[in-house]
Amino acid sequence: MSFQAYLDNTEDKTGITPCEFVDLATAKGFGPGAKAGEIVTWLADDYGLGRGHAMALVHVITKGPKIAAKHVGTAGAHSDVSDELWLDGKATNPASS
C-alpha cells in the first residue's frame, strides 16, 4: 500500500482528513519532536487506528507532507506518485482525478 493510500484509507475509516489530523494533533501538543508511540496510542485509543495507518499520520504530524523519493514512480506495492503527500482530503486530490 502506498503512503498516500494509508492516508486515504484513514480518511475513509474516520472521516477526518490528514490535514485535520495534523490540527487535532497540534491541539493535543503533538508536532515535530513528538514521540511516535504517544501519537500511535492516541490514534488507537481515540480513532481505532492500527499501527500502519497511525504511523503514516505520525510522519505527517511530525515531519510534514514530504516523503523520501525512493518509492516514487516505482512498480512496487508501496509506490507513490509524488514525494509530496496530499493532506487536504482524497476527494480534492488532483492526482486521483
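Helix α2 (residues 18-27) and helix α3 (residues 36-47) pack at about 110 degrees, and α2 and α3 are therefore roughly perpendicular, a label for angles of 65 to 115 degrees. Their axes, lines fitted to C-alpha atoms over the stretch in contact, are 12 Å apart; angles run from 0 to 180 degrees between N-to-C directions. Helices here are DSSP runs of H or I with at least four residues, numbered from the N terminus. This is a predicted model in which local features need pLDDT of at least 70 and side-chain atom pairs pLDDT 80 or more, while totals for chains, interfaces and linings use all residues. Residues are numbered from 1 along each chain, and side-chain values use heavy atoms, without hydrogens and water.

F21, L24 and A25 in α2 are in contact (heavy atoms within 4.5 Å) with W42, L43 and Y47 in α3. By class, this contact of α2 with α3 has six nonpolar residues, no polar and no charged ones.

T10 lies in helix α1 (residues 3-14). The T10 side chain reaches the backbone oxygen of Y6 at 2.8 Å. Beyond its neighbours within four places in sequence, T10 is in contact with G15, F21, L49, H53 and L57.

In α4 (residues 51-63), the buried residues include A54, L57 and I61. Among the elements covering the buried residues of α4 are α1, α2 and α3. After α4 comes G64, with a positive phi near 90 degrees.

Terms used
Helix = DSSP H or I, 4+ residues; strand = E, 2+ residues; numbered from the N terminus. Parallel < 35°, antiparallel > 145°, perpendicular 65-115°, else oblique. Nonpolar A, V, L, I, M, F, W, Y, C, P; charged D, E, K, R; others polar. Polar contact = N/O pair within 3.5 Å; in protein donor to acceptor, adjacent residues only side chain to side chain. Expected span 1.5 Å × (residues − 1). Buried < 20%, exposed > 50% of the residue type's maximum accessible area, 1.4 Å probe, protein only.
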